[in-house]
Amino acid sequence: MIRRAPVLFLPLVLGACEGVQTAMGGDGAESARFIDLFVFFTAICTVMYLLVVGALPFALWRRKRSALTVDDRRHHHTSPVVGPALAIWVGLVVLGLTALTVASFLTDRSNAADARKPALIVKVTANQWWWDVEYASTDPSRTMRTANELHLPVGVPAQLILTSNDVIHSFWVPNLAGKQDLIPGRMTDVLLLPRRTGLYRGQCAEFCGVQHTQMALNVSVDSAADFRRWYDSQLQPAAAPTTPLQLAGYRYVTTRECSSCHAIAGTPAGGQVAPDLTHFASRRTIAAGTMPMGKGNLYGWIADPQSLKTGSRMPTVGLEPAELHAVVAYLETLK
Ligand SMILES: [Cu+2]
């Protein structure tokens, strides 16, 4: 059984190389370079390790054979083999370390070269415990806000300008690139250059409070046409309510507690301290990846957010059942 253990672990190891949240996916230019660097480091270190382990039995055998006495050792001279072997070993170590340093340097240079020409700029602000996402444009009419979801066109270098409103967080979409801290009062940045379309999952990678684990970010890498379609749809104001129930929900959301924190473009709701809800129902998850988007979860989240994400800034308002039905009906229209 013990002998079979490595074989049993193999699917687990290989399984870690694919998925929506893995540093071994190579779905972004930076993460692909890091994988190449990782393989190179592993190969060099493995060769060095095998040389040391291989030389060990020889050294032990020689030591045993000579079996010098204390008196012998006093007059013992270095074996003629040791001098050249030592020189070869020192040479190998220097060569290996130089190769690792050069590979590291070149990887860093390639990443920096991509960062010089971003075609898309997105401002990402971390909050306990959600992500505010703002797409910048030189044309103010094409600037828009969303939350907890990032769409990127494939093959286009996107620069993410990062900051935080409260504590230090860390932005990490392992399939695409390495980590970068988001620090209150400071701007940092990370460049994402996706190589493949697909859905990926980002996660805050620095402990930031009780709901740190429920601070995820969905990343959708789209074709150019899909990205344009999504972007244009997000620029539209919120859909107008069409049924009496939706209208009752609209009235509640835009004039009562919700509107003091959330904004919905094209309505009186203009709060700026919580996720923008203009196209809330088009997102894949609720509360930064806490649960999938869906009617049941929406009822649960609005009725009692504190039991689903304890400590979250979203208060339990205490809606009457009729108000809850109306609010859910309206929020579902915000596609
Ligand atoms: Cu965190």
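This short talk looks at one strand with its partners and then at one pair of helices.

Please keep in mind that this is a predicted model, in which local features need pLDDT of at least 70 and side-chain atom pairs count only at pLDDT 80 or more, while totals for chains, interfaces and linings use all residues. Residues are numbered from 1 along each chain as its sequence is written, and side-chain values use heavy atoms, with hydrogens and water left out.

In β5, 6 of the 7 residues are buried, so the strand is largely enclosed by the rest of the structure; buried here means under 20% relative accessible area with a 1.4 Å probe, protein chains only. Strand β1, residues 120–127, pairs with β5 in the parallel sense over 7 bridges, pairing being called when DSSP finds at least two bridges between two strands. Within that pairing, Val122 has Leu160 of β5 as its bridge partner. Strand β8, residues 188–192, pairs with β5 in the antiparallel sense over 5 bridges, and there Ala158 is bridged to Leu192 of β8.

Turning to the helices, the axes of α7, residues 295–303, and α9, residues 321–331, come within 10 Å and cross at roughly 125°, the axes being lines fitted to C-alpha atoms over the stretch in contact, with angles from 0 to 180 degrees between N-to-C directions. On the α7 side the contact, meaning heavy atoms within 4.5 Å, involves residues including Leu298 and Tyr299, and on the α9 side residues including Leu324 and His325.

Conventions:
Helices (H or I, at least four residues) and strands (E, at least two) are DSSP runs, numbered from the N terminus. Buried means under 20% relative accessible area, exposed over 50%, partly exposed in between (1.4 Å probe, protein chains only).
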